[in-house]
Amino acid sequence: MNLQEMYPKEWNDLQNHRISKERIDEYLLKFVNRLLKEVKAGKRDNDDLGDGWSLVINLKEGEYNLNPLVYSFLFRLGDYGLEKGFSEGESEYGRMFNSPEEVETELKKVANKLGIDLEL
């Protein structure tokens, strides 16, 4: 299944510019927060947390300018759940995430720094 099938609302929102440039950071952080809650509830696999980055790389370059903190956080989700890659080490943006708990801790830090309420 591809991103468009897994997340039709989010895919359409982003591809059709339904999210303003001012709200993109909040939108993506809340998306990851929702994925995290679904992982904790057993509705999704841990690997799905990496889809936060997957949505970002499918945006056309220059459409949205993410806050560097948000971009870094989402980038670090990029190899989430993969056996090879940065998972065990560092990226140019810091250490990659290896557990939902690490993702949650960093998500809360980034949201707090930007004054974003993660509740949907």
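Q: How many salt bridges does the count come to?
A: The count comes to ten salt bridges, a salt bridge being a side-chain nitrogen of Lys or Arg within 4 Å of a carboxyl oxygen of Asp or Glu. Keep in mind that this is a predicted model, where local features need pLDDT of at least 70, side-chain atom pairs count only at pLDDT 80 or more, and totals for chains, interfaces and linings use all residues. Residues are numbered from 1 along each chain as its sequence is written, and side-chain values use heavy atoms, with hydrogens and water left out.

Q: What makes Arg44 and Glu38 a salt bridge?
A: Their side chains meet at 2.4 Å, N to O, and the cut-off is 4 Å, so the pair qualifies. Arg44 and Glu38 also belong to a network of salt bridges, together with Glu10, Arg34 and Asp48.

Q: Why is Arg44 called buried?
A: Buried means under 20% relative accessible area, exposed means over 50%, and partly exposed is in between (1.4 Å probe, protein chains only). Arg44 comes in at 19%, so it counts as buried.

Q: Why is Gly78 called partly exposed?
A: Gly78 has 26% relative accessibility, so it lands in the partly exposed class. You'll find Gly78 in the loop between H5 and strand S1 (90-91). Leaving aside residues up to four places away in sequence, Gly78 touches Trp53 and Met96, where contact means heavy atoms within 4.5 Å. Helices (H or I, at least four residues) and strands (E, at least two) are DSSP runs, numbered from the N terminus.

Q: Why are H5 and H6 called roughly antiparallel?
A: Helix H5 (residues 68-75) and helix H6 (residues 100-114) pack at about 170 degrees, their axes 10 Å apart. Axes are lines fitted to C-alpha atoms, for helices over the stretch in contact, and angles run from 0 to 180 degrees between N-to-C directions. Under 35 degrees is roughly parallel, over 145 roughly antiparallel, 65 to 115 roughly perpendicular, and the rest oblique. H5 and H6 are therefore roughly antiparallel to each other. On the H5 side, the contact is made by Leu69, Val70 and Phe73; on H6, the residues include Val103 and Glu106.

Q: What does the salt bridge of Arg76 with Glu106 tie together?
A: The closest N and O atoms of Arg76 and Glu106 are 3.6 Å apart. Arg76 lies in the loop between H5 and S1 and Glu106 in helix H6, so the pair ties together parts 30 residues apart in sequence. Both Arg76 and Glu106 are buried.
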